[in-house]
Structure formats: C-alpha cells, structure tokens
Amino acid sequence: MTTAPVAPPVDGTDVDGLRLDERIVARYAELPPQERRGADVLLEHFGDLATYTAAELATLAGVSKATMSRLFRSLGFDDFTQVRDHLRGLRQHGVPVTLGAAPDLDGHAAAEAAAVRAAVAALGVHLDAVADVLAHAPRVVVVGLRSSYPVALHLRQQLTQVRPHVTLLPQPGQSWSEDVVDLSPQDAVVLVAFRRRPPGVRALAERLRAAGTPVVLVADPTARALAAHATWWVECPVQARGAFDSYAAASSVVAALADAVLTRRGRTGEQRVATIDSAYRALGEVEAR
C-alpha cells in the first residue's frame, strides 16, 4: 500500500507540511456542510485564489464570512492573510499560482529584462572558463529534466552547430547512469536544474564532482545547495510576475554561451556551421532562403 507524497513545508504557516489543496482533501470529510461549500470554492479557484478577498470567496460559496473564517482555521490558518502567505510560498517553489490581478504586460516585460540582465551578469563572471571547457572538452554532456529539459535541448542543439560529441541526457525513456559512468575530468557536463527538479539531480551532481568532471550548473536561486557540487554556477532567475516560471533569462544565457563557444572554436567552428547548413539544404530539412 502506498500513500500520497506530502509536500515539504514552504513557510511558517505550513505547520503540517501539506499544501492548502492537500489539507482540504485530507480534512474534507470532517468539515461541516457549509465549510465544505467554502472548501469547494477554494479548490475550484486554487490557481488564482490570491486574486480574491475572503469576502469575495464567501460570496462565491454562498456562505457567511464567519463560515469562511472557520474554514481557514479548520485548515490550520489563522486567517486569509496566512493563506495568501502560504500561496506565495508555493509560488516561490515553482507551483503555478496566480498572485496578482489582471496581467501587467509592461511589468512583465520589465521583469523579464531584469532577469536577463541578472543571468547574463552571472554568466559573465565565468564566461571565459566555461566557454573554454565547452569548446575544447572531448565530450560535452547536457543534462535536463522536467522544465529544464527544453533549455537543455536548446543548448545541445546550439552547441552541436559548432562542435561534435555533444550529448543530451536523459534520452527519452532512458536513465542516465550508462552515459555518465565513463565521464572523465577531461569531459564537461552542463547540468540544467531549475526548481521542482527531481531529487536524483543532486546525486548526479555529487557523482560528477567525485569523478572530477567539470560541471556547469545552469539553475535558479533555489539551487544554492546543488551549486556546492558544481565547478561553475550560472544563476538564472525564473520567478515571473504571473503564475508560471519564465525561462527567458535561461534562453539568453544559452545564446550567449553558444556564441562564446563558437568564437573559441575559431575556423573549425565556422567550417562546421557551414557544413551543417549545406547538409540542411541538401536534405531539405529547412526552408530554402
């Protein structure tokens, strides 16, 4: 018999380690009928709950504000302010929860620009060393799981344009152990590890460090503990103004890093780019110019 996983505490209000929706599910059967109506509304609007007031939620549920207050206490919160704090804590851990009202596109653009500047600055600190190792290592392995996979895939595609022997892990339906056991201190790994990453990522980083394989960690600020096992850490903010994380900064880092690797590959890199472009046209894989 298995039990559902329990989410770790995300802030001081999360005293029992359960998310709000998990608390509701766990305690739903023991709630009075009126509080159940309120709980139904909380679940229905979980994704944008923080955009409502307690009074608005009571109206939606067709119950009194006092009933909603009792429901919050039944779920382990003093009031709706603590519920909001709980939701903010979830958002900081990557859970898609809407915290604002209507989308602010100007604010969104400004936040994206700030994130890109921060990530590029973080890359700049290590750019020479990172670009050199990625340009000249016999093998480069790019690793990414879950939301990190598209960024890793994009980086692998860019690096393959300018140098051979770039591998993406894991392959669909495969593990990565078979591909990492032979890595040496002469090879290089780019570990893309944004938040909500699987726990196995840490074990991989520890193994690579023990093997002496240089590791470039591309990750958000929640990867501080993971960074202790990396050779270089390029910190890329992903926190956005909306419900979902943004990878605009990570994509910018990929472009800048690939460009630096191309520069270091020199004439060899340029010839590879030209050869691949010729193959594209010969095989009809891209639109004709």
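Begin by selecting arginine 202, which counts as partly exposed at 39% relative accessibility. The model on the screen is predicted; local features need pLDDT of at least 70 and side-chain atom pairs count only at pLDDT 80 or more, whereas totals for chains, interfaces and linings use all residues. Residues are numbered from 1 along each chain as its sequence is written, and side-chain values use heavy atoms, with hydrogens and water left out.

**Stop 1: Salt bridges**

The term denotes a side-chain nitrogen of Lys or Arg within 4 Å of a carboxyl oxygen of Asp or Glu. Glutamate 206 is partly exposed, at 34% relative accessibility. Both residues belong to helix H9 (residues 200-211), and because they are four residues apart, about one helical turn separates them. Helices (H or I, at least four residues) and strands (E, at least two) are DSSP runs numbered from the N terminus.

Next, select arginine 224 and glutamate 235, a salt bridge whose closest N and O atoms are 4.0 Å apart. The arginine lies in helix H10 (residues 224-227) and the glutamate in strand S5 (residues 232-235), so this pair ties together parts that are eleven residues apart in sequence. Arginine 224 is exposed, with a relative accessible area of 54%, while glutamate 235 is partly exposed at 23%.

Move on to helix H11, where glutamate 270 and arginine 267 lie three residues apart, about one turn of the helix. Their closest N and O atoms are 3.5 Å apart in a salt bridge. Glutamate 270 is partly exposed, with a relative accessible area of 46%; arginine 267 is exposed, at 57%.

To close this stop, select Asp128, Asp132 and Arg264, which are linked in a network of salt bridges. The count of salt bridges comes to eight.

**Stop 2: Valine 63**

Select valine 63, in the loop between helix H3 (54-61) and helix H4 (65-74). Valine 63 is buried, with a relative accessible area of 11%. Leaving aside residues up to four places away in sequence, valine 63 touches Gln34, Arg37, Ala58 and Met68; a contact here means heavy atoms within 4.5 Å.

**Stop 3: Glutamate 112**

Select glutamate 112 in helix H6 (residues 105-136). Glutamate 112 counts as buried at 16% relative accessibility. Its contacts, not counting residues up to four places away in sequence, are Ser246 and Ala248.

**Stop 4: Helix H7**

Select residues 149-162, the 14 residues of helix H7, which should span 20 Å at 1.5 Å a residue; the end C-alpha atoms are 20 Å apart, in agreement. The expected span is 1.5 Å times one less than the number of residues. Now colour Val151, Ala152, Leu155, Leu159, Thr160, Gln161 and Val162, the buried residues of H7. These buried residues pack against strand S1 (140-144), strand S2 (166-169), strand S3 (188-192) and helix H11 (248-283).

**Stop 5: The largest cavity**

Which residues line the largest cavity? Select Val151, Leu155, Val192, Val218, Ala250, Val253 and Val254 to display its lining. H7 and H11 each supply at least two residues of this lining, and H11 gives the most, with three residues. The largest cavity holds about 40 Å³ of space, and a search of the whole structure finds one cavity of 30 Å³ or more. A cavity is a set of points, on a 1 Å grid over the protein atoms alone, where a 1.4 Å probe fits but cannot get out; lining residues have an atom within 4 Å of a point. Points are joined across faces, edges and corners, and a volume is the space filled by probe spheres set on the points.

**Final view: the whole chain**

Zoom out to the protein chain, with its eleven helices and five strands. Of its 289 residues, 42% are buried. Among contacts between residues at least 6 apart in sequence, 68% join residues at least 24 apart. The chain exposes about 14700 Å², of which carbon and sulfur atoms supply 55%; accessible areas come from the Shrake-Rupley method with a 1.4 Å probe.

Definitions and conventions. Buried < 20%, exposed > 50% of the residue type's maximum accessible area, 1.4 Å probe, protein only. 1 Å grid on protein atoms, 1.4 Å probe; cavity = no way out; pocket = protein on both sides within 12 Å on 5 of 7 lines; lining within 4 Å.
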